[in-house]
Amino acid sequence: GILSAVGIHLADVVQERQEPAAEQLGSPDSPTNVDLEARLDSLQASAEAALVKQGFKQESISSDRFLNLRYHGTDVAVMTQRPSTPAGQAPDYAAAFAQAYQREYGFTLDRPILVDDLRVRSAGRAKTLPTDADADAARAAAHVPLPKPWLTQSSYFPSTGRVATPCYRLADLVFGHTLPGPAIIINDLSTIIVEPGCTAHITHAGDVRIDVGETGDQASAKPNDSQGDQLGPVACDPIQLAIFSHRFMGIAEQMGRTLQRTSVSVNMKERLDFSCALFGPDGSLIANAPHLPVHLGAMSDAVKFQVRYYGPHGPGASEGLNPGDVIASNHPQLAGGSHLP
């Protein structure tokens with residue numbers, strides 16, 4: 001629709017250039033690194049020239065340089081961006097690679113660093129939508145009265161039930177108009193619903209900006225202090241539920257990718273014969289990654305045993321658990337182990 005067309009128009013145009021390399025990374029001032037920088041210069045010039053042909057000015061073009069690096073004897077490369085350095089100083093790709101590798105895997109290796117390929121990404125910045133930040137004060141002082149509603153329609157909202165809702169034509173609204181919800185704004189292409197608790201503002205550019213406030217559903221979801229510790233139905237924001245659900249699953253998937261990349265066993269690297277999951281304080285499963293979930297039943301029991309063992313009243317209470325501790329468990333009766341690792 002219209003928004004897709006506007007988004008395509010405002011999107012940056014990107015040109016990428018990449019070529020293979022079979023070099024061993026040296027010190028920042030070594031002949032090898034100087035040659036790599038010269039090759040990156042050539043790739044950047046080619047990518048930027050392609051953007052200039054499309055009508056972009058040189059000052060609206062930005063370029064990023066990358067080396068695809070890996071340790072000798074490993075098969076997983078890390079695309080490493082050129083680190084920022086003072087003028088006249090050669091970039092230290094080795095230090096940037098070590099930092100990225102440490103962040104990705106949690107350790108580094110004392111091995112030579114190999115360069116698999118070079119990459120340049122140049123982006124031509126498109127025009128941006130005008131913002132209404134400078135006009136906020138003017139709008140607040142304008143106090144433009146609203147026109148008479150085009151019609152009033154009975155509408156249903158979960159927080160208020162069925163209420164009389166004023167409907168306005170977008171063509172009748174000008175800069176400075178403020179519409180408190182509930183309200184309906186209609187034009188030739190779409191219908192905008194301003195829900196109760198929200199406020200619509202007509203911007204200086206003629207756009208509609210909606211400030212989302214607290215709806216009736218959100219207010220009713222807040223805990224009531226007068227209820228004390230009584231348990232009742234838990235109201236859940238579906239948007240936050242979806243965000244955190246995907247976030248937790250993403251963490252479990254990242255655990256699996258790290259395990260896959262750092263393993264040397266074909267059974268782990270290719271068959272993905274492992275399970276990764278997040279558990280709550282009581283050992284209940286929160287989220288798991290879709291590797292081989294056959295281990296998850298036993299894993300929950302194993303986690304619950306460790307919670308009891310190292311808990312305040314368990315045999316390991318004096319030792320406790322500290323950040324960074326790793327527990328290996330394979331006891332088939334006490335600790336929930338399903339088979340030997």
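What does the accessible surface of the protein chain come to, and what share of it belongs to carbon and sulfur atoms? It comes to about 21,900 Å², with 55% belonging to carbon and sulfur atoms. The model is predicted.

Start with the whole chain in cartoon view. The chain has eight helices and 13 strands. Of its 341 residues, 29% are buried. Among contacts between residues at least 6 apart in sequence, 50% join residues at least 24 apart.

Next, select strands β1 to β4. They form an open sheet in the order β1-β4-β2-β3, with antiparallel pairing. β1 (13-24) and β3 (78-81) are the edge strands, each pairing on one side only. From one strand to the next, the twist averages 25°.

Helix α2 (residues 31-53) touches β1, β2 (61-71) and β4, and its direction makes about 160° with that of β1. Helix α3 (residues 93-105) touches β2, β3 and β4, and its direction makes about 130° with that of β3.

Finally, switch to a surface view and select I239, I243, F244, F248 and I286. Together they form a nonpolar patch with about 490 Å² of accessible area. Helix α6 (residues 238-262) supplies the largest share of the patch, four residues. I239 is found in this helix, α6. I239 counts as exposed because its relative accessibility is 57%, and the cut-off for exposed is over 50%.

Definitions and conventions
Residues numbered from 1 in each chain as written. Predicted model: local features only at pLDDT ≥ 70, side-chain atom pairs only at ≥ 80, totals over all residues. Heavy atoms only, no water. Patch = residues over 30% accessible without salt bridge, like charges linked within 9 Å, V, L, I, M, F, W, Y side chains within 5 Å. Areas by Shrake-Rupley, 256 points an atom, 1.4 Å probe, with all protein chains shown as cover. Salt bridge = Lys/Arg side-chain N within 4 Å of Asp/Glu carboxyl O. Helix = DSSP H or I, 4+ residues; strand = E, 2+ residues; numbered from the N terminus. Buried < 20%, exposed > 50% of the residue type's maximum accessible area, 1.4 Å probe, protein only. Contact = heavy atoms within 4.5 Å. Pairing = 2+ DSSP bridges. Axes fitted to C-alpha atoms, helices over the stretch in contact; angles between N-to-C directions.
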